[in-house]
Every structure is written in structure tokens, then in C-alpha cells.
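Please open the structure in the viewer and keep the sequence at hand. The stops below are to be selected one after another.

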Amino acid sequence: MLKRLYEEGRMENVSSHQYFIFNGFNELGALRPVLFIPFFFMFVVSLSANSLLLYVIISQRSLHSPMCILIAGMAFVDLSYPLFFVPHMLLNFLFDWRGISLIGCLVQMHFIHFVASFHSTSLVWMAIDRYFAICTPLYYHECMALPRFLKFIIPLVVRNVLLFTLLVSLAGTLSFCADNVMNHCFCEHMALVELACGSTAINNLIGLMTIFLNPVADFIFIAVSYVVIFSSVLKSGKSSVKALHTCITHIVVITVSLIVALAALLSYRIRNHLPEGIRVFFSIMYLLFPSCFNPMIYGIRTTEIRQHIIKMLTCPHY
């Protein structure tokens, strides 16, 4: 009898943790549905701005330069990853749709982290483009030809695939025998790992390794490349204003991205001193804010793109 009750309890415990409940911002109580408004607005801005940027670059042959193609690539990334978590999050706020299966959680986690990883990777490719354009202008088109530039593209794509496939695969092997309530609004790696029972040391180690090898390594490379670029400009004394103008947009995007990323990552490390709602807010903004901010900055500060956008919006037959 005891054995049968134990087996039934064990089966109930296992099955109950193939399903998770999102509980982010629960402390707001009846005001929680109000969150639908600002996040829906940001989602619409992200979709509209990135779609417009993509359309303008794709439709105008004069914008088919390597840099504009890289900007279009970033716009595609910024357009894509909000689609994997924002609609479910908005339904959560509005209709209290809080549940997600373990498989659904892992799939969502993989797409969010994998696609978002190309944000910093795109900035690396842009930094390489600026290096060739400013430091080796005579060989720029030769260096940026696709067959040669693939040697910069393929290794980083392979790195991102391996890192995030490993990260999510290890998360999928965990046993969840404690609480199945996730204090978050989407499936983030650490939010899921925290619910596991048993040792999660390897998951934490791979998580830290992924942070170092993807965003941290990318930002270090970008910083070093811009130091080399500005050193070259100062030494040559030629075209310094133009060089600074072409680089300033990327520096603004990099700085804002780094600040938001550090805020999100540090919120996990100092969580005992932060309300849970603030930590969840930082995690959401780490993904959603750049996708709204980047296309506006590129659309405004990139002269060629700005001119085409203005013509398209002002001329009905453009």
C-alpha cells in the first residue's frame, strides 16, 4: 500500500513539473494587466521600425553596400527575437495565460538566446567592416567581398550554434521536483535552472562560459577594434571627421547595449538587494529595448538610409 502511494506521488510529482507557471510582476496584483500597454507599444515600435528599415534597405539598390547589409541583418535579428516571447507575455498580462510546457519552455529559450546572441555578433561584423573601410580603404571592397568575409561569419555562427545548443540541452536534462512557478515572463535560462533540484553547477558553469564567450568576448573585440580604428585616424590625420561620423552610430548602439546587458546580468548577481519585479523588468528590457532603439538610431544617423526613409514617408509614389 505504501509502495503504491509512493509511486503515485512520484508520478504526480514528475508530471506536474513538465508544466511551468510564469509569475513575473505578480506583486502588482490587479494592476498587472496594465503592463500590457507599455510592452505592447514597444512591441509595435520594434516590429514597425525594423520592418521599415529592412524594407528600405532591401528595396533600394543604392543601399546594398556591405555596411547597409549588416544593418539589415541586425534589423532582422531585432525583428525576430521579440516574436518568440512578447506575444505570449502580452497574453499573460491581458488574459492571465501563465502556463508553458517544459518542451515549449526549452524551445522558447533556445530561440530567444540563440537569435539574441547575433546582436553582439552583428556588432562585431560591423566593427570589422569599419576597420577595413577606415584602416585599409584601398582594399575595402576586396576584403568585404562575401567569399573573403565568410571567414569572419562562419566561425561566429558555429560558436553561437554550439554554445546555445549545449546550454539548452543541459537545461533539458535537469529534474524539476520542487516549485514549478517561474518568477519571470518568459523562459530564461537562469530562471528555469533555479527551479531544478539536485546539482546545477555544470549549468551555471556553462551559463557563465556562454556569457564570456558570446557577449563579453564580442564587446572586448569591438572595443579593441575601435581603439585600433581611432589610433589609425589620429596617426593619418585624414578623413577624421568622416571616420568619426561613420563610427559614432555603432558606438552609441554598443554603449546602450552594454549598459542594458550589464544591468540585466548584474540584477541576477545582486538579486537579494533588488525587488523581483525590477530583476524581471531588466531581463525583459535587455531583449526588448535594443530592438526598439537600434533601428531608430541607424535610421536617423545613417545618412543614406535616413534620406530614403524620408522620401518614402513623404512621397506617396516613392
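Select His 245 to begin: this residue is partly exposed, with a relative accessible area of 37%, where buried means under 20%, exposed over 50% and partly exposed in between (1.4 Å probe, protein chains only). This is a predicted model, in which local features need pLDDT of at least 70 and side-chain atom pairs count only at pLDDT 80 or more, while totals for chains, interfaces and linings use all residues. Residues are numbered from 1 along each chain as its sequence is written, and side-chain values use heavy atoms, with hydrogens and water left out.

His 245 belongs to helix α10 (residues 240-269); helices are DSSP runs (H or I, at least four residues), numbered from the N terminus. Between His 245 and Arg 301 lie 8.7 Å, C-alpha to C-alpha, although they are 56 residues apart in sequence.

Now select helix α3 (residues 66-80), whose end C-alpha atoms are 21 Å apart. Eleven of the 15 residues of α3 are buried, including Met 67, Leu 70 and Val 77.

Finally, colour by pLDDT, the predictor's confidence in each residue, from 0 to 100. The protein averages 84. Confidence is highest in helix α2 (residues 36-59), at a mean of 94, and lowest in helix α1 (residues 2-16), at 41. Over residues 1-16 pLDDT stays under 50. Where pLDDT is low, the predicted coordinates should not be read in detail.

Terms used:
Helices (H or I, at least four residues) and strands (E, at least two) are DSSP runs, numbered from the N terminus. Contact means heavy atoms within 4.5 Å. The expected span of a helix is 1.5 Å times one less than its number of residues.
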